[in-house]
There are 4 protein chains.
Amino acid sequence: MIIMRKGASEAEIMNVVGDLKKHGLSADISTGEIRTVIGIIGDETRVSTTHLETLPGVKEVRLVETPYKLINREYSGLFDGKTESRVVKVGKVRIGTGDPVFMAGPCAIESREQLMTIAECVKAAGADVLRGGVFKPRTSVHSFQGLGSSDQGAREALGWLKEAGEKYDMPVITEIRGEAQVSLVAEYADILQIGSRNMYNQDLLIKAARTGKPVLLKRHFGASIEEFLSFAEYIAASGNKDIILCERGIVPVGRGKSFTRYTLDLQAAPVVQKETYLPIIVDPSHAAGRRDLIMTMSLSAIAAGASGLEIEVHNNAKEARCDGQQMITSGELGYLIEACKTLNQNLIPVRKTALADRCLS
Amino acid sequence: MIIMRKGASEAEIMNVVGDLKKHGLSADISTGEIRTVIGIIGDETRVSTTHLETLPGVKEVRLVETPYKLINREYSGLFDGKTESRVVKVGKVRIGTGDPVFMAGPCAIESREQLMTIAECVKAAGADVLRGGVFKPRTSVHSFQGLGSSDQGAREALGWLKEAGEKYDMPVITEIRGEAQVSLVAEYADILQIGSRNMYNQDLLIKAARTGKPVLLKRHFGASIEEFLSFAEYIAASGNKDIILCERGIVPVGRGKSFTRYTLDLQAAPVVQKETYLPIIVDPSHAAGRRDLIMTMSLSAIAAGASGLEIEVHNNAKEARCDGQQMITSGELGYLIEACKTLNQNLIPVRKTALADRCLS
Amino acid sequence: MIIMRKGASEAEIMNVVGDLKKHGLSADISTGEIRTVIGIIGDETRVSTTHLETLPGVKEVRLVETPYKLINREYSGLFDGKTESRVVKVGKVRIGTGDPVFMAGPCAIESREQLMTIAECVKAAGADVLRGGVFKPRTSVHSFQGLGSSDQGAREALGWLKEAGEKYDMPVITEIRGEAQVSLVAEYADILQIGSRNMYNQDLLIKAARTGKPVLLKRHFGASIEEFLSFAEYIAASGNKDIILCERGIVPVGRGKSFTRYTLDLQAAPVVQKETYLPIIVDPSHAAGRRDLIMTMSLSAIAAGASGLEIEVHNNAKEARCDGQQMITSGELGYLIEACKTLNQNLIPVRKTALADRCLS
Amino acid sequence: MIIMRKGASEAEIMNVVGDLKKHGLSADISTGEIRTVIGIIGDETRVSTTHLETLPGVKEVRLVETPYKLINREYSGLFDGKTESRVVKVGKVRIGTGDPVFMAGPCAIESREQLMTIAECVKAAGADVLRGGVFKPRTSVHSFQGLGSSDQGAREALGWLKEAGEKYDMPVITEIRGEAQVSLVAEYADILQIGSRNMYNQDLLIKAARTGKPVLLKRHFGASIEEFLSFAEYIAASGNKDIILCERGIVPVGRGKSFTRYTLDLQAAPVVQKETYLPIIVDPSHAAGRRDLIMTMSLSAIAAGASGLEIEVHNNAKEARCDGQQMITSGELGYLIEACKTLNQNLIPVRKTALADRCLS
């Protein structure tokens, strides 16, 4: 990171950027209340620190040892003098404030009617964002892959999603599974979701980032937190910091039954919040893979400080074409949202107290 | 399981037990409000179901497919007509009621003075049970192994623990690391702890169980929940159902930094409570391995329904001879206990509501 | 799988395909020496077995329980009356015969000169296929991403690769990291490599498969063998059975140093060969991540029955821009290839012996 | 490690040992061709390097950063001027020379007759050491636990084992599962086996080590190599360096079928041989859990440089009371041993060649 002097001129800043370019590097320019900081994108060893410090307007060059620099909480502290969390804005929804956000809807969009019914219900239940899958990533090529399997189906389903979002006044989120879907989905969706299986797919991340839409990145079920953040950095390095991270479970350990599809790593919530300024939400539906744990683990996630939840809802789980065993009803969702909001309110004073702060930070 | 008719006579019961013995099997006899049920200990295939059903007094023989039968929630339902959780009683402390229990103290007992000071403080902070390690399991033979390294040190340290427990009116818990320590520790401690590394040590489990003292069994960091319960079954099969399970974190996934020592699997709490009638507590200290996550993850564990917490406390963490980086102070503990109790109180109505019940069970 | 009667007519076959289409399913038609078998692509539950068996020319409908049907060794047995392994042909090279094939070259193409030098050397050392990376998947956006980072760089580097392959008479293989690169790479390369991180990227797999070029699919470092084969099935279901599987290591277990980057799962070789008719090769370079294990593990892989090896070679490992610590020299490669070939020759009689056969199959 | 001057006197050596004792540390004294080296057992930070270097006769104090010091290959180099592998001697058998050693026999001893028959057969097949389980570690308390379940059964079965070993002139190996069995087993067995589940059981390791008998330590299925070596160090620190390490498979990754019980980590063989001077053997039976992979993986293990194999053999696998699906017959064993020996002979020149040496070291 290149920390510019207070009041460094536009010309000085551009001179540094040009210098980086000559060394095959790009720049991330962040101007805050205090000063401008230029993050180096690419292999820093191509340019010498000493050289950079001789450039006009440069105050200091500081090396960040992590593979995630632009999303690092320290980085934002440099130009703003504070290390506040980033609030991702989507329509009227704010993700990353102290209030949890609830994203809900069916795993897969099956028909216009199904989606409209569920949308109305989850809105009534208190959901903030409507989710619905069009392009379903599946382990078996022989399983239902979502209505996006045909071009026409994709446009139709995305159209319904947009329509439902507008009708019930909720931003909508859906997964992009491949690069070819990015521009199409960006026409319809308010948040682009990158699923767990694609976390390591850097080309998709870059393409999604460049749409300028907020990107929700799910942690791969075999990825360490460091890898998770390293790939989120690909989005930031593509000029898009409206990143929402999502913990959705990692592979269970040991031999024998695990009783859940994945192990939910709730420590990821406080860890990510300490390492970066990005919000992190939790998806208890995919982690548990069974509806009877959703309520309990939602409360647990909120207590761990998650900025929101993504939950699969179906009004007729038995007929769901995908993941029926983990869906809750919209009635259950309403109760869940209320309980989570109350829990979160009760925890605000706990989190604020000095002693807690010491413990928490 | 052999379900006896209501009013089956003592002679009929003993006849069944004798018959099992002839087949090389043992019996677990549970007499409840409704009837007597005899659990078969050993390989059931040695005796035919049809044969057992001809014995006088036998109503029905039901096979349980899990490797944990005696701790199975279903099993307790058979003789009591209800599938209530077991409450483990230790002095005045009750583990497994709706109210969480707090076990706290130093990782390792270092001196009488250190222990007495911490004991006084954790009692004041609201702890229910005093913990303190005498026999420390360590990855390196070259690390401090606890005062139990010498016979004299072991007796002394155990004596201090008992003394501190009596003085501050708390039952005490300490780890038994090897079989040779079982009878000694049972003289002094109220709860025998089996550490994570010894979860698979069936000979130790059996020996600990036979003391009749409550046993706290920690999940191995590489064990599935099914394996965890299978080894808890060794304790029950040795005639001791005063078992407290403890989730303390599993090995992290992926390559790169995990930021915590272990991954805390909080889904284990509701899963274990559904599968068995045993209480499960959570140890956030060993899972996180860093003190700044303890408060948050304690709240999260209570929200997940844990029956209690085991927390490492030191009044001078920097001088702790073991695991100093994960210790909190007793001041912090007091705040933590209060916050957890309040959180739990707030969640009681949520857990009771019909809708929640459907979600939760 | 729909097994047609011997001598079923083209019209009967097409009638079955049309019927499947009406149910939203596609077909994989395999005509062998004995008969024609039609593999169903998609969710079989959409059509009833009883219905299919009434169609003219249909002998039998057999359900395959695995998520990989078209690559299943059983499947190929049905139409050919034998379950021989598939030999993938690339130019004069044959992959999947009893003789191991050696793919070698630099991790990343750095310059025309570098590539030409290494190509000449690995050819002299006995390599069959030339490898060289243009699009490098990297954990950190700040690391060198290969010459493919710019459009011009990509075309240039691919051109050199093709040129080197032609000059030294070796087919060439390179990785496609994103969908946007598929058609470009297919113009230049003889085998399309899908890296470990993209194993779950079904859209990329389908796009690569449709080029008709042989596809080398590397196992994800967190994937079970069943998942590995399920994703290989995506390639087959896209009409391309020229699939080469590659074991390159999975994430190590436990806490503490693992001494290698990944754990090489050599049991994967015999397992894949039993489950499918596809060849599987081994990449010891990425698994070990250190050059001093390459020789030993190459021998071990050949002894496990691998159909070949992919090895990173650099003539000046210290200056390699990527993974230098795991590169061997072409001199070492020559010795390695010779030793592996000799070992393989020596094992042929062992594998042929009746007793071994019983052990091996 | 305290490196003494050449010709340091006995008194000087004892003075250093006494000094360590005053600091609460023990000593491992190794006198080789060149000089005496004293390994510090315990926490080195208790004593200052500077202080030690002032003691008479001390040449140099060198800190070893690994948690395994006494088994470190570097350590043995210091006093012998060479870093040769240790050869563990058991009767006429030598483990750790260039020639692989074969340990074979039934998973569990079931009767005298069964054992005698198998012993005769495996001897004829070329086995060097007879294995047979008396105390079986099992996941379920309800499974067959071996004849060692009763005191009388234990003595009887151990007696048969000794008898069979004497009759057929093979040293015998059997597992000690708990501390209470150590002295009994040491009366009968030539090598004491510590099973995978007990790798972390430091008290058992110490007790086994102190018998002075060679100890075979199996890697835990969730342990990193560093942890494996750290626990082997417990044996060495208890005064016993006749340690045979054994790789027997680690837990598989990912979701879905793995097709083998465990993942065999053959890189462990060369890694352990580089890090320590101890021999490492491989157990393909438990890793695969299916007999049709045993032959292939045995060859692969020998190619990886394993010092031997431990293989389960049963003449009537279908009636085996434990692990029948992974047993091979003694006829198959004979073929396997012959093939492995031939393979090993063929690899000797490969391993000796200078170029290979560079690759291998």
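Predicted model: local features only at pLDDT ≥ 70, side-chain atom pairs only at ≥ 80, totals over all residues.
Residues are numbered from 1 along each chain as its sequence is written, chains are lettered from A in the order in which they are written, and side-chain values use heavy atoms, with hydrogens and water left out.

We may begin with chain A and chain B. Their contact (heavy atoms within 4.5 Å) takes 58 residues from chain A and 58 residues from chain B. The area buried between these chains (the accessible area, with a 1.4 Å probe, that two parts lose on being put together, summed over both) is about 4,800 Å², and carbon and sulfur atoms give 66% of it. Two salt bridges (a side-chain nitrogen of Lys or Arg within 4 Å of a carboxyl oxygen of Asp or Glu) are found across the interface of chain A and chain B. One of them joins Lys274(B) to Asp292(A), at 3.4 Å from N to O. The interface of chain A and chain B also holds 15 residue pairs in polar contact, both residues being at pLDDT 80 or more; a polar contact is a pair of N or O atoms within 3.5 Å, where, within protein, one must be able to donate a hydrogen and the other to accept it, and residues adjacent in sequence count only if both atoms are side-chain atoms. Several helices of chain A each supply at least two residues of the side that touches chain B, among them helix 9 (268-275), helix 11 (294-303) and helix 12 (330-352); helices (H or I, at least four residues) and strands (E, at least two) are DSSP runs, numbered from the N terminus. Helix 12 of chain A gives the largest share of this side, nine residues. By class, the side of chain A that touches chain B has 31 nonpolar, 14 polar and 13 charged residues, where Ala, Val, Leu, Ile, Met, Phe, Trp, Tyr, Cys and Pro count as nonpolar, Asp, Glu, Lys and Arg as charged, and the others, Gly among them, as polar.

Next comes the meeting of chain D with chain B. Here 36 residues from chain D and 36 residues from chain B take part in the contact, and the buried area is about 2,900 Å², with 49% from carbon and sulfur atoms. The interface of chain D and chain B has two salt bridges and 20 residue pairs in polar contact, both at pLDDT 80 or more. Strand 3 (36-41), helix 7 (202-209) and helix 8 (225-237) of chain D each supply at least two residues of the side of chain D that touches chain B. Helix 8 of chain D gives the most, with six residues. The residues on this side of chain D divide into twelve nonpolar, twelve polar and twelve charged.

The same surface serves both copies, as 100% of the contact residues of chain D recur in chain B.

Asp203(B) is among the buried residues of helix 7.

Over all chains, the whole structure has 68 salt bridges. Within chain D, Lys69(D) and Glu44(D) pair at 2.8 Å from N to O, and the pair ties together parts that are 25 residues apart in sequence. Both Lys69(D) and Glu44(D) are buried.

Methods:
Buried < 20%, exposed > 50% of the residue type's maximum accessible area, 1.4 Å probe, protein only.
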